[in-house]
Amino acid sequence: MRGKLLQLLSQSKDRFLSGQQISDMLHISRTAVWKHIEELRKNGYEIEAVPRKGYRLRYMPNLASTDEIKSKLQTKAIGRHIVYKKEVTSTQDIAHQLVQEGAEEGTIVIADKQTKGKGRLGRPWHSMEEKGLWFSIILRPDIPPQVAPQLTLLTAVAVQEGLERATDLPVEIKWPNDILLRGKKIAGILTEMHSELDRIQAIVVGIGLNVNQQKTDFPEELSAVATSLSMEANGKVFQRSDVIVSVLEKYEHWYYKYLDQGFFPIKKRWEQLATTIGKEITAKTMRKEVQGIAEGITDEGVLLIRKKDGTLESVYSADID
Ligand code: BT5
C-alpha cells in the first residue's frame, strides 16, 4: 500500500493531493493515509502537509526499499515479494534461508549494506552502505543442474540491458560473470544452487551493482579495477530504485523467454553483448592457464577457446585476462 501511495505522490510532483483524493484512489480511510504518510516520513521522505490542500512530496531519499521499488516495478513475478534489510551479512545467506522456508520464485532479498558480501570462490564483495545495489533473486526453474550456469549468462544479459536502459552508458559483459563499464567492473554475479542429483530445488542469483560510489569510496586494492555508474557519468547521482527496477524488468523478460524458448535466444544476445568473444584471452582456472582466442559459448554456457595449436578447449569456470 505504501508503494502505491508513494507512486501517487511522486506522480503528482509539485501538486498537492488531498487526503480525500488519496483515500478514494487507494480505497483506504483518511486515518490510514495519515499513518502511511507518517511511516514514509520516518524513512526519510519529506512530505509537506497543508490544511485544505493536502500532501506534497518534497524530497525522496535515495532508497532501494520495498516501498520505493514497488512504487515503480511493473513485473508479474520477479520482485513481487521483496525482503528489504538495512544490514545483513550477505543477501545470499538470507535468500538461502528463505529457500528452505519455501519462498516463492521471484522473491528478492535486498540490503543497504552487507558486512560479508561474497564473490565466487569465497572472495569478498565490497558492499558499501547505500551506495550500491546488493540483492539476491530466488528462482525455481525446472531444469537439470548441469545447465544451471546458463542462468549466470542470462543474468549478465538482463543486467547489461537493464543498466544500459537506465543510464545510457556503454555496459559490456565479460565471461562468465562480470559486467564492465569502460573496462572496469561495475557489477558481479554469483549463482548458487540448491540441488538434488537430477533436479534443481532452487537457484539463488546474487547481483552486486556499484551505483553512486566515488573513487575514494573503494578500498585501495579495488580503485584500479572497480567503477560505479556515477563515476562513469561525471558524478551524476542515480536513484537506486530506478536502476534496480530497470534490471528486474529486463530480468523478467529474459527469464520467462528462457523458460519458454530455452537457452538459444539468450546465447545469441549474450554473444552480441560480450566483449570476450573473438579476443585473445588467458583463462586462469583452478588448475591451469589456457591461452587462445575466445570462440564462443556452448549451450551449457561453457567458454570455447581456440588454442595456438588449433585445438579447442572448453573452460567451465575461470578468471579471464
Ligand atoms: C563476483 O565474484 O563478481 C560476484 C559478486 C556478487 C555480489 C553479490 S552482492 C549481492 C549478493 N550477496 C552476496 O554476498 N554476493 C552477491 P568474483 O567474480 O569472484 O569477483 C570478486 C572480485 O571482485 C573480488 O575479489 C574483487 O577483486 C572484486 N570486487 C569486490 N568488490 C567489488 C565491487 N564492489 N566492485 C567491483 N569489484 C569488486
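Student: At roughly what angle do the axes of H6 and H8 cross?

Tutor: This is a predicted model. Helix H6 covers residues 149-167 and helix H8 covers residues 240-261. Their axes come within 8 Å, and they cross at roughly 140°.

Student: Why is H6 called oblique to H8?

Tutor: Angles over 145 degrees would count as roughly antiparallel, and 65 to 115 as roughly perpendicular. The crossing is at roughly 140°. H6 is therefore classed, relative to H8, as oblique.

Student: Is the crossing of H6 and H8 left-handed or right-handed?

Tutor: The H6 side of the contact includes Leu154, Val157 and Leu163, and the H8 side includes Val247, Trp254 and Tyr258. The handedness of this crossing of H6 and H8 is right-handed.

Student: How many residues of the contact of H6 with H8 are charged?

Tutor: Glu161 and Arg165 of H6 take part, as do Asp242, Glu249 and Lys250 of H8. Beside twelve nonpolar and two polar residues, the contact has charged residues numbering five.

Student: Which residues come nearest to the ligand?

Tutor: Helix H5 (91-100) and strands E5 (132-139), E8 (184-195) and E9 (200-210) each supply at least two residues of the shell. Of the 27 residues around the ligand, the nearest are Ser90, Gly119, Gly188, Gly206 and Gly208.

Student: How many residues of the shell around the ligand are polar?

Tutor: Nine residues of the shell are nonpolar and four are charged. Gly counts as polar here. The number of polar residues in the shell is 14.

Notes. Residues are numbered from 1 along each chain as its sequence is written. This is a predicted model: local features need pLDDT of at least 70, side-chain atom pairs count only at pLDDT 80 or more; totals for chains, interfaces and linings use all residues. Axes are lines fitted to C-alpha atoms, for helices over the stretch in contact, and angles run from 0 to 180 degrees between N-to-C directions. Helices (H or I, at least four residues) and strands (E, at least two) are DSSP runs, numbered from the N terminus. Angles under 35 degrees count as roughly parallel, over 145 as roughly antiparallel, 65 to 115 as roughly perpendicular and the rest as oblique. A crossing is left-handed if the near helix is turned anticlockwise from the far one by less than a right angle, and right-handed if clockwise. Two residues are in contact if their C-beta atoms, placed from the backbone, lie within 7 Å. A residue is near a molecule or strand if its C-beta atom, placed from the backbone, lies within 6 Å of it.
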